[in-house]
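Keep the viewer open as you read.

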Amino acid sequence: MVERTVPVYLLTGFLGSGKTTLLRRLIDDANGRGWKPAVLMNEAGDVNLDGMLVGTEVPMAEMLGGCICCTVRADLGVELMSLVKEHDPDVIWIESTGVAEPLEIIDGVTEASFYGRIELKGVVTVVDARHLLDRMRIGTGKTYRLMQDQIRAASLVVLNKTDLVAPAERDELAERLADWNAGAAIVQTVGAELDPERIYGIHEGLPAQTADQEHRHEHHHEHHHGHHHVRAMTRYLKGPVDSHAFEAFVGRLPEGVYRAKGIVSFRDTANRYLFQYAYRQSDFLPIRPQKTVHDVLVFIGEDFSESDLDAELDKLTAEDRN
């Protein structure tokens, strides 16, 4: 029987945007569906105040005293694997500290897929409408740039607290968000209240969902075929591949893939290899793991076709079966 892959979602957004409120809604929704959710909560301080709002019934890992995009990033994979092994959740939510750089977290989550069957399925960025509008009026500053980075990394942008801005200002904000991230869906909320299907859509690995089929299809198309936002694609390999064919595949990677990495086994060599790819250059480091690791590939970038890469990978594995 094939081991199932646990979907992971990243919840990001600047301080006070409403991330924990949304997380609580998602946990209630998951429980209503019969799912078993788990949470990895990151706080820059030494006390997890937001975690106290989630509830003791939800399995939770805490990463305190630093941000998972920098000072405690090395612990991210360990904590994720502990959640999977100890609690066997149906879905994991990571709530990052409000000052986190999302691209570094995306990188850290995908590295964890080497050691356990997890996959980053989406990045949800929560934005305080009034705060963003004020920052837009100023037009500069570290906070403004960080908010832009968090928005550009999203697969879904939640424009929250829209009751605090005028209708014309909401339109202005929505237009600016679309300029910064043309591929992300944007939903406007008050109190971070939204249909969770806007996040989940249809994803392999989650239990069956009960939402309207037509709506699910529309979101599935939107989520997987949108462009111009950063995303990670994780694929587990069923077995060894030919080294020459794999190198040729790497040489054909589209420009939209700006980083790739993974662990691969080759039919024609004795070692397993840690594979790294960046700036059109690739590197293979022979490894002898002391614990179980999976053959897996991760692609990070924007404006690339997952279906095209899937077809290439299917061809690689099919060639090895012949």
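1. Start with a charge and a ring: Arg-117 places its charged end over the ring of Tyr-236, 4.2 Å from the ring's centre. Do keep in mind that this is a predicted model.

2. Now turn to the aromatic side chains. There are 14 aromatic pairs in the structure. Tyr-9 and Tyr-200 make an edge-to-face pair, because their ring centres are 5.3 Å apart and their planes stand at 80°. Tyr-9 belongs to strand 1 and Tyr-200 to helix 7 (residues 197-200), so this pair ties together parts that are 191 residues apart in sequence. Are these two tyrosines, Tyr-9 and Tyr-200, buried or exposed? Both Tyr-9 and Tyr-200 are buried.

3. Elsewhere you can pick out one aromatic cluster, formed by Phe-246, Phe-249, Phe-266, Tyr-273, Phe-275, Phe-284 and Phe-299.

4. Strand 1 itself (residues 6-12) deserves a look: 7 of its 7 residues are buried. In a regular strand, side chains alternate between the two faces of the sheet. Here one side of strand 1 carries Val-6, Val-8, Leu-10 and Thr-12, the other carries Pro-7, Tyr-9 and Leu-11, and both faces are covered.

5. Which strands pair with strand 1? Strand 5 (residues 118-128) runs parallel to strand 1 and is joined to it by 7 bridges, with Leu-10 opposite Val-123. Strand 4 (residues 91-95) is also parallel to strand 1, through 4 bridges, and there Tyr-9 stands opposite Trp-93.

How values were computed. Residues are numbered from 1 along each chain as its sequence is written. This is a predicted model: local features need pLDDT of at least 70, side-chain atom pairs count only at pLDDT 80 or more; totals for chains, interfaces and linings use all residues. Side-chain values use heavy atoms; hydrogens and water are left out. Buried means under 20% relative accessible area, exposed over 50%, partly exposed in between (1.4 Å probe, protein chains only). Helices (H or I, at least four residues) and strands (E, at least two) are DSSP runs, numbered from the N terminus. Two strands pair if DSSP finds at least two bridges between them. Rings of Phe, Tyr and Trp (its six-membered ring) pair if their centres lie within 6.5 Å; planes under 30 degrees apart count as stacked, over 60 as edge-to-face and the rest as tilted. A charge sits over a ring if NZ of Lys or CZ of Arg is within 6 Å of the ring centre and within 35 degrees of the ring normal.
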